[in-house]
Amino acid sequence: MKNDKKTYKPDWQPENAGKEFAVKVVKGTENTVGSKYVAVGKKQKALSADDYADGVLKNDRTLLARTITLIESNSQAHHQLSQEVLKKVLSKTGNSIRIGITGVPGAGKSTFIETLGLYLIKHGHKVAVLAVDPSSTVTKGSILGDKTRMENLSKEPNAFIRPSPSSGTLGGVTRKSRETILVCEAAGYNVVLIETVGVGQSEVTVRSMVDLFLLLQIAGAGDELQGIKKGVIELADALLVNKADGDNEKKAEMAKSEYSNALHYLQPATKGWQTNAYTCSALTGKGIPELWDLIQKFEKTTKESGAFAERRKQQSIEWVYSLIEEGLKNNFYNHEKIKEKLPELRNEILDEKILPTKAAENLLELFFKKYISL
Ligand code: GDP
């Protein structure tokens, strides 16, 4: 991406800095501003699937947040209700570009999302920001959990920021995140940004739910090629060397060249699209308009070639498999007999009284007995 050599002064920098808006980072049901459904200080009224669906379709932010809370809930009753709501809004989903953003902690993800988000809002878009953070189970939400992050973006009426669901396994988080994307789309958000941290399985998971995947890197750590070893670069549609400002600009340009060379030897993540490296500065906004142009070009190219629609179809199939796996797993571990037998067998394994393979076989037999005997 070409950038001006002059000091860059973007015209979309927040005009609202310092002003108080009613909208805050939306967490659970605590965003109670401006909805007729919320009686402040009282217990929330139970809503029907129609109430939720109408609220989502009107982009009532409180009801959108409550719908997501429903989706994230582990209760069976909530799950059923959320599925009804989803069914009602399904025809209004799909009309967004879904963008995944990853990078190691400190790469500048939240700064980047705030800058890109403000730029998009300035240009008439509606932006939802979600997070997939497997570590949140342990740390109680290490990304997007902190309300001071993305402060300016969170004040924008056309932005909706939702921290990561903080319970369940990554598998559960996957289902919840996919459904959350859908309700945000139904509420009219046409750009959905999904942040994840550069650890383990989370990047593969996010790749499986987005149209385009961005990898944020920083220069100068001497580990430019580390991402390649981890295979993460192969998931990316664009590689952004962030913090290309001040004294760091030269180093960032060098890192960009290094990445560009390496990228030529790799299989592109998307059919018909060459992944390239670029520089940007989330802090000054330099390179952000060019990045948005690139994203639009990606969308146009892949829609014309059919790769966009093909990926979404493929993702739907993958989604079905992951739901089946999740359903089987939940059923298994919540089965009364398994809950009873598992700790017993666990002790026997520890005491070396039974082989792990035999223990697993016993449990599976116990679980499937009721189905097989039908
Ligand atoms: P995250 O952990 O990936 O979300 O990273 P943050 O967005 O929290 O940024 C980590 C630190 O890097 C913060 O102190 C930011 O102010 C700083 N930072 C982020 N982007 C830039 C940038 O483009 N240039 C410079 N100089 N600093 C940046």
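Student: Where is Glu-352 placed?

Tutor: Start with how elements are named: helices (H or I, at least four residues) and strands (E, at least two) are DSSP runs, numbered from the N terminus. Glu-352 sits in the loop between helix H13 (336–350) and helix H14 (356–372). Residues are numbered from 1 along each chain as its sequence is written. And keep in mind that this is a predicted model, where local features need pLDDT of at least 70, side-chain atom pairs count only at pLDDT 80 or more, and totals for chains, interfaces and linings use all residues.

Student: Why does Glu-352 count as exposed?

Tutor: You count neighbours: a residue is buried if 20 or more other C-beta atoms, placed from the backbone, lie within 10 Å of its own, exposed if 12 or fewer, and partly exposed in between. Glu-352 counts as exposed because it has 7 C-beta neighbours inside 10 Å. Its backbone is worth a look too: phi is near 60 degrees, a positive value in a residue other than glycine.

Student: What is phi at Asn-59?

Tutor: Positive as well, about 55 degrees, although Asn-59 is not a glycine. You'll find Asn-59 in the loop between helix H1 (49–57) and helix H2 (61–72). Asn-59 has 17 C-beta neighbours inside 10 Å, so it counts as partly exposed.

Student: And Ser-177, is it buried or exposed?

Tutor: Ser-177 is buried, because 26 other C-beta atoms lie within 10 Å. Ser-177 belongs to helix H7 (residues 170–186). For the chain as a whole, 38% of the 374 residues count as buried.

Student: Which residues does Ser-177 contact, leaving aside its neighbours within four places in sequence?

Tutor: A contact means two C-beta atoms, placed from the backbone, within 7 Å. For Ser-177 the partners are Leu-130, Val-132, Ile-194 and Met-209. Take Val-132: along the chain it is 45 residues from Ser-177, yet their C-alpha atoms are separated by 7.1 Å.

Student: How many bridges join E1 to E5?

Tutor: There are 4, between strand E1 (residues 97–102) and strand E5 (residues 212–218), which run parallel. Gly-100, for instance, has Phe-213 in E5 as its bridge partner. Ile-99 stands opposite Leu-212 in E5. E5 is also joined to E6, in parallel, by 5 bridges, and there Leu-215 has Leu-239 as its partner.

Student: How many residues of E5 are buried?

Tutor: 7 of its 7. Leu-212, Leu-214, Leu-216 and Ile-218 point one way from E5, while Phe-213, Leu-215 and Gln-217 point the other way.

Student: Which residues are closest to the ligand?

Tutor: "Near" means that a residue's C-beta atom, placed from the backbone, lies within 6 Å of the molecule or strand. 14 residues surround the ligand, and the closest are Gly-108, Lys-109, Ser-110, Thr-111 and Leu-283. Helix H4 (residues 109–122) gives the most to this shell, with 3 residues.

Student: Which element has the lowest mean pLDDT?

Tutor: pLDDT is the predictor's confidence in each residue, from 0 to 100. The lowest mean among the elements is 49, for helix H5 (residues 136–139), and the highest is 98, for helix H11 (residues 288–305). Over the chain, the mean is 83, with 77% of residues at 70 or more. The value stays under 50 over residues 14–41, where the model has 49 contacts beyond four places in sequence. The stretch 137–141 also stays under 50, with 9 such contacts. Where pLDDT is low, the predicted coordinates should not be read in detail.

Note on methods: Two strands pair if DSSP finds at least two bridges between them.
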